[in-house]
Amino acid sequence: MFQECVFEQLEVKQSVFQEIECFVGKEVILSSSTSCLVPSSVFAKVQKRSRCLVSHPVNPPYYVKLVELVPHPETVTAVMEATHYLMTKVQTTD
């Protein structure tokens, strides 16, 4: 999984995902921590959007162990399930 955490500027986030797509395998989940941009905009320039979603932690994450998962309209169920599993594992690891 690749988790992007840059500032809330759509063009910057889109650029990060366009660049990272060249370096990661086609099965790597691409996730953004955006809190106000919709997934369809953030991932608009990604080739394989079925692996994309928003994984936004509630703040402060060290007190509130909760992550909001928001799929892109094309996100497949397996990506949501894998991300949920990973976030659950991280939550239980101190």
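The side chain of Arg-51 reaches the backbone oxygen of Val-28 at 3.1 Å. In this predicted model, a polar contact also joins the Arg-51 side chain to that of Glu-21, at 3.5 Å. Arg-51 counts as buried because its relative accessibility is 5%, under the 20% cut-off.

**Arg-51 and its surroundings**
- Arg-51 sits in the loop between H2 and E3.
- Leaving aside residues up to four places away in sequence, Arg-51 touches Glu-21, Val-24, Gly-25, Lys-26, Glu-27, Val-28, Ile-29, Leu-30 and Val-79.

**Helix H3**
- H3 runs over residues 77-91 and has 15 residues.
- From first to last C-alpha, H3 reaches 21 Å, close to the 21 Å expected at 1.5 Å a residue.

**The loop between E3 and E4**
- Pro-60 lies in the loop between E3 and E4, and the peptide bond from Asn-59 to Pro-60 is cis, with omega near -10 degrees.
- Pro-61 is also placed in this loop, between strand E3 (52-57) and strand E4 (67-71).
- Pro-61 and Thr-77 are 16 residues apart in sequence, and their C-alpha atoms are 25 Å apart in space.

**Cys-36**
- Cys-36 is found in the loop between strand E2 (30-32) and helix H2 (39-42).
- Cys-36 counts as exposed because its relative accessibility is 57%, over the 50% cut-off.
- The C-alpha atoms of Cys-36 and Leu-10 are separated by 9.9 Å, with the two residues 26 residues apart along the chain.

**Annotated domain**
- An unreviewed UniProt entry gives the annotation "domain: 3-hydroxyacyl-CoA dehydrogenase NAD binding" for residues 2-91.
- Over residues 2-91, the chain is 33% helix and 19% strand.
- The end C-alpha atoms of this stretch are 17 Å apart.

Definitions and conventions: Residues numbered from 1 in each chain as written. Predicted model: local features only at pLDDT ≥ 70, side-chain atom pairs only at ≥ 80, totals over all residues. Heavy atoms only, no water. Helix = DSSP H or I, 4+ residues; strand = E, 2+ residues; numbered from the N terminus. Buried < 20%, exposed > 50% of the residue type's maximum accessible area, 1.4 Å probe, protein only. UniProt positions renumbered as here; feature names shortened; annotations may be inferred. Expected span 1.5 Å × (residues − 1). Polar contact = N/O pair within 3.5 Å; in protein donor to acceptor, adjacent residues only side chain to side chain. Contact = heavy atoms within 4.5 Å.
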